[in-house]
Every structure is written in C-alpha cells, then in structure tokens.
Amino acid sequence: MVIRVALTLLLVLLLWLNGAFLPGSDVYALVKDKSGAIWAGTDKGIAVFYEPENIFTSNTIAATIPNLNRRPLLENELVRTIAVDGGNRKWVGTDNGLWLFSEEGETAVAQFTTENSPLPANKIQDIAINQSTGEVFVSTELGLVSFRGTATETIGKPDCAAVFPNPVRPGYTGLVGISGLANNALVKITDVTGNLVYQAQATGGTLAWDLRDAKGKRVKSGVYLAFSSTPDDKQSCTSKIAVIGQ
C-alpha cells in the first residue's frame, strides 16, 4: 500500500509538471511493454506513454488513452495490474475480471470472469507470465489460477520449433501450438506437395493453429510442414505436423 501511494504521488507529480493528465488520480500499475511504451493502470482506466523518456527533457508529455469500440479502454474501471506477454499483448486485471487486449489495446482478445472461466474471484490482484512457456498466473482475492497462454518470448537464437500435440489424434478439437519460433516470425503451413494451407504471424515465439485452412475448413489427415522465418530471412525453421484420422 505504501509503495503504491508513493508510486502514485511520484508519477502524478512528474506528469502534472509536464502537462500530462491521467484518466484517474490513483495509479495502481505501471509496466513497460516490448516497444518501450509505459502502460499505466489507474482507478478510472488506462493511459499509455509512448515516449516516456521525454518526461525528463520536455515541457510537455502526452498521455494517450487507448480506445476500444470508440470509448476509452476500461473507462471508469479500477485497473489493479497489467502484464505484457511474448506477443506484446496486455493482460489486465480489474475488480470485474481479467482481460486480454491486443498490442495497442484496440481489440479485446478475451475476457475472463468467474462465470466463464476457472477464476476463483473477479477481483484480480496480480498477474505474472512465464515468458518461455506462455503460462499466465493470476492472483485473485480468493486464490491463484493459471491459464495456458498462446504467446511466448524466444530469448537468444531459436531452436527448431516444437509442436504440441504431435501427432494430432482423432477427436482433438483444441489448438496446435508451434513454439520456439523466432519472435514474430512469419509461419507458412503447407501439405507435403507444397500447397499453402495456412499462414500467419507468430504471437511472440508461438503460433497457435486451429487446424483449419485459409477458408476455415478443417484440414484432412496427413503430414503438414510448418515453415517459419524472420522478416530478414536470417532465421528459418521447418517442422512436421502429423494429423491422424480427421
């Protein structure tokens, strides 16, 4: 509590001196994302500072309020905690549940409450992410729960991608995770004859594939190849995915 109050006073003072305004007067969370922007969670929503270093050198600093459906992101919601995953997406904890937003906050990827998830309570106290596995740990007022996230961060030179589950057995309806990729790599999935089935950009170091092609049709049984590469083509990898009895 003492740390939060001191943090609030320091940040609000610095921002006030530089002409910036937050949506709320109490700051509960500060986090630096993978682009260097600072996300601030307040008692009335979220603000983002895209050039935080200017706070010490400029007379003014602009606080950007992300918008979702033409409204300020989590307007009037108490934002207690924010965490950034391997895909630079934002996991946000409020008194009314857990949110996952896209990199810039313009899209709500998922919302979790006690009604649609294993959350023991809607009041979220803290969030921590294992960047290597993507697992998201959520602390609530009634206990701890974890989610298997779909974004990881590959540190250093990536190994050849790992696929799970592999093989994909009959009746499986979940996602296939291709992990260990170069961060934000382009992934192309083909059949063994080279026909392109699906392509997408990895979320951090992981791509989650729903076993559907570009037209949304479930793929047939067979062996598929996942080719991944960075934009500069300096890091590439090929992995096999076996789909059985679909």
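**Close-up views of the predicted model**

View 1. Leu211 has a relative accessible area of 0%, so it is buried (under 20%; exposed is over 50%, partly exposed in between; 1.4 Å probe, protein chains only). The model is predicted: local features need pLDDT of at least 70, side-chain atom pairs need 80 or more, and totals for chains, interfaces and linings use all residues. Residues are numbered from 1 along each chain as its sequence is written, and side-chain values use heavy atoms, without hydrogens or water. Leu211 sits in the loop that links strand 17 and strand 18 (strands are DSSP E runs of at least two residues, numbered from the N terminus). Its phi is positive, near 65 degrees, in a residue other than glycine.

View 2. Most residues other than glycine have a negative phi. The loop that holds Asn69 runs between strand 4 (67-68) and strand 5 (71-72). With a relative accessibility of 69%, Asn69 counts as exposed. Leu211, by contrast, is buried at 0%.

View 3. The bond that joins Phe164 to Pro165 is cis, with omega about -10 degrees. Another cis bond leads from Asn166 to Pro167, where omega is near 10 degrees. Most peptide bonds are trans. Pro165 is placed in the loop between strand 13 and strand 14. Pro167 is placed in the loop between strand 13 and strand 14 as well.

**View 4. The largest pocket.** The space in this pocket comes to about 440 Å³. A pocket is an open set of 1 Å grid points, over protein atoms alone, where a 1.4 Å probe fits, with protein on both sides within 12 Å along at least five of seven lines; lining residues have an atom within 4 Å of a point. Volume is the space filled by probe spheres on points joined across faces, edges and corners. Strand 13 (162-164), strand 14 (176-179) and strand 17 (206-209) each give two or more lining residues. Eight of the lining residues are nonpolar, eight polar and two charged (charged: Asp, Glu, Lys, Arg; nonpolar: Ala, Val, Leu, Ile, Met, Phe, Trp, Tyr, Cys, Pro; polar: the others, with Gly). Domain 1 (1-148) and domain 2 (162-243) each contribute at least three residues to this lining (bounds from an automatic or database assignment).

**View 5. The second largest pocket.** Its volume is about 240 Å³. There are 14 lining residues, and Gly87, Asn88, Glu103, Asn184 and Gly204 come closest to the centre. The lining holds one nonpolar, nine polar and four charged residues. This pocket lies between domain 1 (1-148) and domain 2 (162-243), because both give residues to its lining.

**View 6. Lys90 and its polar contacts.** Lys90 belongs to strand 7 (residues 90-94). Its relative accessible area is 0%, so Lys90 is buried. The side chains of Lys90 and Asp33 make a polar contact of 3.1 Å (N or O atoms within 3.5 Å; within protein, one able to donate a hydrogen and the other to accept it; sequence neighbours count only if both atoms are side-chain atoms). The Lys90 side chain also reaches the backbone oxygen of Glu103, at 2.8 Å. Glu103 is one of the residues closest to the centre of the second largest pocket.

**View 7. Thr206 and Thr152.** Thr206 is part of strand 17. It counts as buried, at 8% relative accessibility. A polar contact of 2.5 Å links its side chain to that of Thr152.

**View 8. The largest nonpolar core.** This core has 22 residues (buried Ala, Val, Leu, Ile, Met, Phe, Trp, Tyr and Cys, joined through side-chain atoms within 4.5 Å). Ile178, Leu181, Ile189, Trp209, Tyr224 and Ile241 have the most contacts inside it. At least two core residues come from each of strand 14, strand 15 (186-191), strand 16 (196-201), strand 17, strand 18 (222-229) and strand 19 (236-243). Strand 19 gives the most, with three. Another core of 15 residues lies apart from this one and includes Trp39, Ile46, Val48 and Leu74.

**View 9. Glu115, an exposed loop residue.** Glu115 lies in the loop from strand 9 (108-112) to strand 10 (124-129). Its relative accessibility is 80%, so Glu115 counts as exposed. Glu115 and Gly97 are 18 residues apart in sequence. Their C-alpha atoms are 9.9 Å apart in space.

How values were computed
Helix = DSSP H or I, 4+ residues; strand = E, 2+ residues; numbered from the N terminus.
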